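My entries follow the structure.

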Amino acid sequence: MAVPMDFGNPASLFSGLFIGLIGLGLFMYGKKAQRLPHALTGLALCVFPYFVTSVALSWLITAVCLGGLYFVSREG
């Protein structure tokens with residue numbers, strides 16, 4: 001069962017906010033430029049911080065998402 005975001009931990013809260021803002025920017029760019037990988041990565045970055053309480057794991061997931069986006073968009 002997923003545990004919701006830990007609002008009592010300031011590091012988790014601000015990390016989730018920052019990652020969500022990155023995701024919002026990517027989603028808006030992907031929607032406007034009609035680039036599906038960017039929009040989906042942005043959507044994932046907006047949603048997953050609600051379900052991950054560990055700050056280190058949040059940044060690891062963010063790095064994997066952005067790295068995957070880099071390699072997908074580099075090829076096409």
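Entry 1. I asked which helix gives the most to the nonpolar patch, and α1 does, with six residues. The model is predicted, local features need pLDDT of at least 70, side-chain atom pairs count only at pLDDT 80 or more, and totals for chains, interfaces and linings use all residues. Residues are numbered from 1 along each chain as its sequence is written, and side-chain values use heavy atoms, without hydrogens and water.

Entry 2. I noted the members of the patch: F14, L17, L21, L24, F27, M28, L36, L40, L43, V47, Y50 and F51, with about 1,200 Å² of accessible area together (Shrake-Rupley method, 1.4 Å probe, only the protein chains shown counting as cover for residues). Helices α1 (10-32) and α2 (36-47) each supply at least two of the patch residues.

Entry 3. I looked up F14, which lies in helix α1. F14 counts as exposed because its relative accessibility is 54% (buried is under 20%, exposed over 50%, partly exposed in between).

Entry 4. I searched the whole structure for aromatic pairs and found two (ring centres within 6.5 Å; planes under 30 degrees apart are stacked, over 60 edge-to-face, the rest tilted). The ring centres of F18 and W59 are 6.0 Å apart with planes at 40°, so this pair is tilted. The pair links distant parts of the chain, with F18 in helix α1 and W59 in helix α3 (residues 55-75), 41 residues apart. F18 is partly exposed at 46% relative accessibility, and W59 is partly exposed at 33%. For Y70 and F71, the centres are 5.3 Å apart and the planes at 70°, so that pair is edge-to-face.

Terms used
Patches are made of residues with over 30% relative accessible area and no salt bridge: like charges are joined within 9 Å, nonpolar side chains (Val, Leu, Ile, Met, Phe, Trp, Tyr) within 5 Å. A salt bridge is a side-chain nitrogen of Lys or Arg within 4 Å of a carboxyl oxygen of Asp or Glu. Helices (H or I, at least four residues) and strands (E, at least two) are DSSP runs, numbered from the N terminus. Buried means under 20% relative accessible area, exposed over 50%, partly exposed in between (1.4 Å probe, protein chains only).
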